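Please read them with the structure open.

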Amino acid sequence: MAPLLSLADRILRIRVDPHSDEVIARGGDPEAHSILQRSGFVPVVRLHDHYHRLPTGLEKNEEIRLASRAVARLSAVGYRVDHDPSFAATASIPHDLTLGAQINNLARRIREAEDSDEVADVLTELTAAHDGILTAVGEVLTASADFHQDLGQPADPHYANRLRYLAGRLGAITFEVSGTRNDLADRHAAHPHRTPCPQEVASTEREASVVCPCPPAPAPVPRPPATVPTGRRR
């Protein structure tokens with residue numbers, strides 16, 4: 001179950017910091033932080049502080065463009081954004097389903113799966129040899145390593161080697177998940193706690209007092225009666 005978020009998590013502030021002259025965004029929940037990153041912001045995590053800022057070295061017009069885009073995207077999904085007047089959104093930007101959200105739907109399918117065949121189908125999307133998700137992630141890491149290799153800074157070859165190392169580690173993960181997927185594909189087993197309840201007594205039962213073995217549905221939680229506020233008398 002996802003943690004409950006307070007109303008404060010739906011409010012953000014995007015303004016130019018008077019001390020550093022950086023465009024800084026504060027507040028929000030993980031979804032808002034994802035939108036900020038997709039709008040060009042960089043997360044900054046310190047011991048007692050956490051915020052997002054725009055990359056260094058940008059022209060003023062580019063800062064305004066990126067900040068305005070973030071305001072538009074956040075507002076489109078219901079966030080309240082306190083921002084500098086120059087960051088006002090000039091147009092509405094639709095919030096499309098991201099690749100990460102599409103992959104997260106695979107987890108939802110597994111949580112709702114009633115048998116091993118359904119889970120095997122989902123894990124196939126991760127482990128397919130030619131175009132599975134894990135293979136694609138490996139290609140992204142390898143391409144990033146190739147980009148860093150000759151970028152020109154002394155540390156770039158180190159970053160390239162590190163990315164290639166991580167891409168290689170995905171091979172072991174793919175091997176393990178593939179084994180799980182293949183095992184589930186062979187089992188054809190219903191999950192004992194997710195099989196739909198027929199709400200019926202087995203036809204082989206002879207006792208008249210027998211009832212459906214499925215656990216009863218939980219009783220609804222009664223809602224407290226609404227109270228009408230009353231004003232104070234002087």
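1. In this predicted model, helix 4 and helix 5 pack with their axes 4 Å apart and at an angle of about 20 degrees. Because angles under 35 degrees count as roughly parallel, the two helices are described as roughly parallel to each other. Helix 4 contributes Glu125, Leu126 and Thr127 to the contact, while helix 5 contributes Ile133, Leu134 and Thr135; by class, these residues divide into 3 nonpolar, 2 polar and 1 charged.

2. Helix 6 covers residues 156-187, and its 32 residues should span 46 Å at 1.5 Å a residue; the end C-alpha atoms are 47 Å apart, which agrees with that expectation. After helix 6 comes His188, which has a positive phi, near 50 degrees.

3. The buried residues of helix 6 are Asp156, Ala160, Leu163, Ala167, Leu170, Thr174, Val177, Ser178 and Leu184. As background to the spacing of such a list, an α-helix has 3.6 residues a turn, so residues three or four places apart point the same way.

4. For the chain as a whole, the secondary structure amounts to 6 helices and 5 strands, arranged along the sequence in the pattern β-β-α-β-β-α-β-α-α-α-α. Of its 234 residues, 22% count as buried, and the accessible surface comes to about 17400 Å², with 55% of that belonging to carbon and sulfur atoms. Among contacts with a separation of 6 or more, 50% are accounted for by residues 24 or more positions apart.

How values were computed. Residues numbered from 1 in each chain as written. Predicted model: local features only at pLDDT ≥ 70, side-chain atom pairs only at ≥ 80, totals over all residues. Heavy atoms only, no water. Expected span 1.5 Å × (residues − 1). Buried < 20%, exposed > 50% of the residue type's maximum accessible area, 1.4 Å probe, protein only. Axes fitted to C-alpha atoms, helices over the stretch in contact; angles between N-to-C directions. Parallel < 35°, antiparallel > 145°, perpendicular 65-115°, else oblique. Contact = heavy atoms within 4.5 Å. Nonpolar A, V, L, I, M, F, W, Y, C, P; charged D, E, K, R; others polar. Areas by Shrake-Rupley, 256 points an atom, 1.4 Å probe, with all protein chains shown as cover.
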